Amino acid sequence: MTAMQTALKAPAAPAFDVERIRADFPILKLEIGGKPLVYLDNAASSQMPQPVIDRLVRYQTTQHANVNRGVHYLSETATSAYEEARGKVQRFMNAREDREVIFTSGTTDAINLVMHGYGRKFIGPGDEIILTTLEHHSNIVPWQMLAEEKGAKIRVVPINDAGELLVDEYEKLFNRHTKFVGMMHVSNALGTINPVKRMIGLAHTHGVPVLVDGAQAVPHMKVDVQDLDCDFYAFSGHKLCGPTGIGVLYGKAALLERMQPFKGGGDMILSVTFEKTTYNTIPHKFEAGTPPIAAAIGLGAAVDYLSAIGMDAIGAYEFDLLEYATEQMNRLRGVRIIGTAAKKAAVLSFAIDGVHPHDVGTLLNQEGIAVRTGHHCAQPVMQRFRVPATSRASFAFYNSMAEVEALIAGIRTVQKVFA
Amino acid sequence: MADPRALYQEVILDHNRKPRNYGALEHASHHAEGHNPLCGDHISVSLDFDGERIGGIAFQGESCAICKASASMMTVNVKGKTRADAETLIQEFRDMATGKLDLNGHHHIGRLVVFAGVRDLPTRVKCAILPWHTLHAALNSVASISTEAEDDPMHASIGDA
């Protein structure tokens with residue numbers, strides 16, 4: 001074990017009571033075809049604890065109205081709860097100011113906001129955008145659309161056989177045409193934790209802003225946007241024990257102020273005449289129309305729930321789960337782990353010799369085990385490893401060591417069926 | 001719900017291990033490629049006619065066990081059939097996979113009944129149907145189909161699966 005991993009492990013050891021935590025998640029009591037649910041698809045979406053469900057119910061039963069509109073009691077209550085959620089997110093990711101936190105519908109929406117708001121204004125013909133091989137389609141396709149529209153070019157950071165970015169190659173991609181960098185913090189397909197702080201520093205020496213896709217990082221580790229010094233950071237609520245339909249774009253205030261709006265409509269304006277519209281200040285400039293108020297408040301509650309447990313404790317416990325699962329899986333003959341980076345979040349992509357991932361997924365489902373099978377919206381990663389698809393077990397802090405064992409037993413069952 | 005475990009029964013596993021009519025057919029008069037971009041499955045079907053009837057048929061590709069076994073059993077079942085009989089079987093297979101075929105009624109499904117279980121696994125219906133759609137495309141001289149493309153001649157019906 002490396003020193004870094006030991007350091008990660010140290011704080012959690014004594015008091016992580018997974019059984020007590022599991023009791024907070026009603027869905028974990030489900031049985032699937034008579035077998036207890038073993039939910040290992042957390043990288044796709046996580047489950048919601050009772051305090052977050054309760055908060056949504058309280059909002060809908062006693063606090064709901066539209067925000068930033070009425071002077072009546074409910075509108076003021078909803079507005080203050082919505083803005084309170086923004087403050088919770090700001091503290092959670094250590095943004096300087098709450099106006100640097102923009103509520104979006106998710107990570108994809110947040111990235112598209114940056115593409116339209118920043119990219120379409122500041123990126124032109126012949127300019128270059130650096131992305132990485134690991135990117136999710138959501139951090140590839142918007143930039144391809146922009147490149148096509150503007151005549152800009154996309155450069156791609158390669159990876160090694162372990163699934164780690166080649167930072168030396170990344171450095172070589174910079175030139176005077178480089179105008180933007182997009183990179184994911186943690187790979188959804190492989191689990192690789194990228195050295196984003198160092199890579200952001202390198203981009204800044206060239207005066208290039210960086211967007212970090214943090215959808216898979218925020219649920220697993222303490223993220224401090226000031227420490228990273230990223231220019232933009234995007235993530236989704238539903239991977240963080242919150243509701244679907246809510247996400248966050250963090251952006252440095254100075255950049256957000258220079259950007260053009262993404263969507264036009266109500267709330268994002270100060271004044272409108274048919275001759276001229278004056279846009280609202282940030283963050284409202286980027287929140288056109290009625291926002292997902294309930295979902296934002298739910299996300300605030302999720303952030304409170306996770307903070308009470310502690311992101312460091314969560315990261316350390318998940319590291320134990322990953323280490324145990326990796327060790328157990330490595331003992332299975334005919335099973336190959338895809339993605340063996342030195343620093344990983346709790347994601348295990350694997351291939352079973354002679355068995356297509358879809359068959360793995362269906363047979364594991366018969367054991368009550370939920371894994372993701374497919375290309376994980378990361379086809380360039382699949383192409384790099386020359387596989388059409390993988391099976392992926394992705395863990396959360398409410399998964400138990402017994403569930404790791406259930407997965408291993410499930411894989412043995414699959415192997416028996418196909419023997 | 002039928003026990004979905006029944007899907008992975010010996011006959012399907014056997015056709016997956018030892019697919020029949022696997023490979024390319026030389027001098028095929030009809031050929032089509034089928035893709036399922038959602039899972040990366042890819043299959044090609046080629047055939048020729050001996051008079052009115054399908055004389056030779058072969059398939060190859062990369063796919064899951066359900067898709068490969070379905071393709072293998074399909075080739076065995078349609079060889080020697082007229083175009084009209086093959087089209088009837090395609091329709092019946094598709095109806096069975098989507099739960100619309102009355103298995104107690106009149107049909108020509110025979111041993112293909114082992115695939116009936118996919119109707120309870122909506123995400124796997126396309127795996128079982130892909131070879132049949134590709135056969136349909138080959139019979140109708142459509143060079144390539146995709147389970148996600150709008151021009152898939154049978155897309156509408158996979159859609160309700």
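User: Why is A:Ile337 called partly exposed?

Analyst: A residue is buried if 20 or more other C-beta atoms lie within 10 Å of its own, exposed if 12 or fewer, and partly exposed in between, with C-beta atoms placed from the backbone. A:Ile337 has 19 other C-beta atoms within 10 Å and is therefore partly exposed.

User: Which residues is A:Ile337 in contact with, leaving aside its neighbours within four places in sequence?

Analyst: They are A:Thr326, A:Met329, A:Asn330, A:Leu348 and A:Phe350; a contact requires C-beta atoms, placed from the backbone, within 7 Å.

User: What makes A:Ile159 buried?

Analyst: A:Ile159 has 24 other C-beta atoms within 10 Å, so the residue counts as buried. A:Ile159 lies in the loop between β6 (153–157) and α7 (167–172) of chain A. The C-alpha atoms of A:Ile159 and A:Arg384 are 8.4 Å apart, although 225 residues separate the two in sequence. A:Arg384 is also among the contacts of A:Ile159, including A:Thr133 and A:Leu134.

User: Why is α4(A) called oblique to α11(A)?

Analyst: Helix α4 (residues 73–93) of chain A and helix α11 (residues 293–309) of chain A pack at an angle of about 40°, with their axes 8 Å apart. Angles under 35 degrees count as roughly parallel, over 145 as roughly antiparallel, 65 to 115 as roughly perpendicular and the rest as oblique. The pair α4(A) and α11(A) is therefore oblique. The residues of this contact divide into 11 nonpolar, two polar and three charged.

User: How do you know that α3(B) and α4(B) are roughly antiparallel?

Analyst: Helix α3 (residues 83–97) and helix α4 (residues 125–139) of chain B pack at an angle of about 160°, and their axes are 10 Å apart. The two helices α3(B) and α4(B) are therefore roughly antiparallel. Their contact includes B:Ile90 and B:Phe93 of α3(B) and B:Trp132 and B:Leu135 of α4(B).

User: What is the secondary structure of chain B, and in which pattern does it run along the sequence?

Analyst: Chain B has five helices and four strands, in the pattern α-β-β-β-α-α-α-β-α. Of its 161 residues, 43% count as buried.

User: How many residues of each chain make the contact between chain B and chain A?

Analyst: Chain B gives 15 residues and chain A gives 12 residues.

User: What is the pLDDT of chain B, on average and over residues 153–161?

Analyst: The mean pLDDT, the predictor's confidence in each residue from 0 to 100, is 87 for chain B, with 86% of its residues at 70 or more. Over residues 153–161 of chain B, pLDDT stays under 50. Where pLDDT is low, the predicted coordinates should not be read in detail. The model scores ipTM 0.82 and pTM 0.90.

Conventions
Residues are numbered from 1 along each chain as its sequence is written. Chains are lettered from A and ligands numbered from 1 in the order in which they are written. This is a predicted model: local features need pLDDT of at least 70, side-chain atom pairs count only at pLDDT 80 or more; totals for chains, interfaces and linings use all residues. Two residues are in contact if their C-beta atoms, placed from the backbone, lie within 7 Å. Axes are lines fitted to C-alpha atoms, for helices over the stretch in contact, and angles run from 0 to 180 degrees between N-to-C directions. Ala, Val, Leu, Ile, Met, Phe, Trp, Tyr, Cys and Pro count as nonpolar, Asp, Glu, Lys and Arg as charged, and the others, Gly among them, as polar.
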